[in-house]
Amino acid sequence: MINTSKRALSLVLAAGIGLTATAALSTETLQDVLKRRNLSQQDLLAAAKTYVPTGKRDEFVTFSSGGQSGQVIVYGVPSMRILKYIGVFTPEPWQGYGYDANSKAVLDQGKIDGKTITWGDTHHPAISETNGEYDGQFLFINDKANPRLAVIDLRDFETKQIVVNPIYKSEHGGAFVTTNTEYVIEAAQYPAPLENKKFYPLEEMNEKYRGGVTYWKFDRKEGRIVPKDSFSFELPPYWQDLSDAGKGPSEGWAFTNSFCAERYVGGIEKGRPPYEAGCSAKDTDYLHVMNWKKAAEVVKAGKAKKINGHNVIPIDVAVKEGLLFLVPEPKSPHGVDVTPDGKYIVVGGKLDTHASVYSFEKIQAAIKAGKFESKDPYGIPVIGMKDALHVQVPLGLGPLHTQYDSKACVAYTSLYVDSQVAKWDYCAGKVLDKLSVHYNIGHLMTMEGDSTKPAGKYLVALNKLAIDRFVPVGPLHPQNHQLIDISNDKMQLLYDMPLPLGEPHYAVSIAASKLKPGVRYKVGTDSRTDKPHPGAVRAGEERTEKKGNKVTVWGTLIRSHITPETIEVDVGDEVTIHLTNLERAQDETHGFTVSTYNVHASIEPGKTVSVKFKADKEGVYPYYCTEFCSALHLEMMGYLLVKPKGWKPTKVGLAKGTYTEADYKATVKKVADTQAIIDSVVAYITSVNYKDFPDVVAMVEDAFDQLGKTKGLKEKHEAFAAKKDWEQANLWAEQIWQYQVKTADLGLRAKTYLEQNGAKKIK
Ligand code: K7E
Ligand code: CUA
């Protein structure tokens, strides 16, 4: 114990002296390194474009779908350094997601027909927008396998809500937001009956199976989707795919492409050609053009019907009200992407070599003139392709998704079959450049490339296959995100980043300066509801109560102890432990687990979290803090004692340690010496303009908080010393030193920060 303490103090002191890196200066030149590592000038150029020096930060933050992991992956551009995995549809132990009661409540919103689903197939993240620009407030992401949509708050990067689509069985085309995030758009993929659990045979595909597009109403103030104010279009079974909302002149409208407008039903087992043949036989499918603003009014006017309690606009109502039109699009298309100015809609024809650029103006003119070439079998007016097209541009094989540059009229389209990115001009209709990627690119993404103000600079190719790009790790390869420089006329491939967590279909990037996440919660916050947690307590209010077989603990965490340190229950009790992290310093997270009870919580500064379990096994179970939070982190623990039925104590009093007066005096001296260090640090901090540095102010507050806890302890150890109880005297003095160490630790951190950030002397 004493040795550990000494080491802790020397650590603290070392930090104070401010040990600088004094490694011998390298005598190697840049040329030497290029030679030794077999790098070319071109490599060096690429490295210079991606390298973010130690201590510096990325210019953009990317939110990538985590594919089958059901999570979101956050990384920086251009460094491609992974910053976080956000637990969304799948439990994530580090964050306690699915292992504490509060986050479980979020995952439980995603139950379907009462069934817990612990994974998701995430495809498309979307950042909330204001006037068509990314505002950095919220992130949405879909689950294709189980038709669900999640809301992540970018104030703390936590999942707050999961909504289940009430009428679909799959959901590929989400999430896409309208220009002011009034709605989050989500399209079905595989047609199915819209009524829950209704069975119809495949022979009734055309009559009873339906597709659709859902508009989830988003309440920005609450930061939650409002299911009762949301609605869907009932659509023919055309396998609706991706969507994009109009902007500028096309605001109020949205576009959803589709494939398998053939409505084909495969049946290899019956000797019928498979879906792949029957779904791609015809030359065109349908782009769906929808007036969502007017649709919302139609729903308000009570013209929607309810299916499974959800507002659905029947096809005939949508046609009658002029909400829905079709335009042919070639051929088994995939992406649909509105240009930043909102004038054009670009569709990639997977099996066609062209990108088709539709003109919103022409579409509107045809609608106004009532100029339709036909009606589809469901009575939806079809606008002639020629009447809607601005231009078709031959790009290459397998065009899929399109993203935009900050330069006017410049677009980038992924060519899946060619494994290339095509840079082209959608106004003039010509190809500008092509770059090979590795291999089979799906989506691609430019910085803020979905918004009305793309930032250009970088493009990420989200490739489907990695094949030989990385050190082999078995038959399952990582995914490959390739970073490309698009700031010049010619694109340059810069960097390969393996992503080993699932297949991220799509990603979105935002300027890092637009994100303003907090570093601490208001003390006692349930981060999943953003409301005060009923189980929160302040220091000194900790308690344990037992009512019948229910034991509730109101506890706290602060460096380096958990209060309480003992929890006694009877076997079979239902245990709820509420824990509040009382820290205010940045990054002082504590974790909490109880041996073998499968609970875990991550409790960041200010947060309150509950864990619940049934103490169904008698015995002794240590609980402890799982984040290395301080020098005495390993001591941050306690015991859960699960007593057998009818147990009676057999021994009174805990074993005594052996301490002498000399031990006590040594500790008292140590306390005095440490106080001198603290005083010198305080003298430094208060001699400079520390109040101009909010991070330092928080550290200083926390430091004084820690020091404040020593109040009364001096009297306490002196009283025990007077009674010659050297153990209690020594340990209470030692406890003062514990608080001092934490104070000194914070103080020195503040001092270093001030020195490195140019604090100025004040008079
Ligand atoms: Cu093209 Cu799901 Cu957007 Cu995969 S999707 S690539
Ligand atoms: Cu708290 Cu480790």
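Pro 564 sits in the loop between strand 38 and strand 39 (566–570). In this predicted model, a cis peptide bond links Thr 563 to Pro 564, with omega about 5 degrees. Ser 560 belongs to the loop between strand 37 (550–558) and strand 38 (561–563). Cys 409 is placed in the loop between strand 25 (399–404) and strand 26 (410–415). Most residues other than glycine have a negative phi, and most peptide bonds are trans.

The domain assignment divides part of the protein chain into domain 1 (395–517), domain 2 (525–643) and domain 3 (661–756). The centres of domain 1 and domain 3, taken over C-alpha atoms, are separated by 53 Å.

Helix packing was examined next. Two packed helices are described by the angle between their axes and the distance between the axes. Helix 14 (residues 726–756) packs with helix 12 (residues 694–708). Their angle is about 165 degrees, and the axes are 8 Å apart. An angle over 145 degrees counts as roughly antiparallel, so helix 12 is roughly antiparallel to helix 14. The crossing of the two helices is left-handed. Helix 12 contributes Asp 695, Val 696, Met 699, Asp 702, Ala 703, Gln 706 and Leu 707 to the contact. Helix 14 meets them with Tyr 739, Gln 740, Lys 742, Thr 743, Leu 746, Arg 749, Ala 750, Tyr 753 and Leu 754. By class, the contact of helix 12 with helix 14 holds nine nonpolar, three polar and four charged residues.

Helix 13 (residues 713–722) also packs with helix 14. Here the angle is about 160 degrees, and the axes lie 7 Å apart. Helix 13 and helix 14 are therefore roughly antiparallel. Helix 13 passes helix 14 in a left-handed crossing. On the helix 13 side, the contact is made by Leu 713, Lys 714, Lys 716, His 717, Phe 720 and Ala 721. On the helix 14 side, the residues are Trp 726, Gln 728, Ala 729, Trp 732, Ala 733, Gln 735, Ile 736 and Tyr 739. Nine nonpolar, three polar and two charged residues make up the contact of helix 13 with helix 14. Tyr 739 of helix 14 takes part in the contact with helix 12 and in the contact with helix 13.

Helix 11 (residues 661–687) packs with helix 14 at an angle of about 20 degrees. The axes of helix 11 and helix 14 are 9 Å apart. An angle under 35 degrees counts as roughly parallel, so helix 11 and helix 14 are roughly parallel to each other. Their crossing is left-handed. By class, the contact of helix 11 with helix 14 includes 15 nonpolar, seven polar and six charged residues.

The residues around ligand 1 are His 123, His 124, His 172, Leu 242, His 334, His 401, Gly 442, His 443, Lys 464 and His 505. Strand 4 (122–130) and strand 29 (441–447) are the elements that give two or more residues to this shell. By class, the shell around ligand 1 has one nonpolar, eight polar and one charged residues.

Conventions: Residues numbered from 1 in each chain as written. Chains lettered and ligands numbered in written order. Predicted model: local features only at pLDDT ≥ 70, side-chain atom pairs only at ≥ 80, totals over all residues. Heavy atoms only, no water. Domains from an automatic or database assignment. Axes fitted to C-alpha atoms, helices over the stretch in contact; angles between N-to-C directions. Helix = DSSP H or I, 4+ residues; strand = E, 2+ residues; numbered from the N terminus. Parallel < 35°, antiparallel > 145°, perpendicular 65-115°, else oblique. Left-handed = near helix turned anticlockwise from the far one by under 90°. Contact = heavy atoms within 4.5 Å. Nonpolar A, V, L, I, M, F, W, Y, C, P; charged D, E, K, R; others polar. Near = heavy atom within 4 Å.
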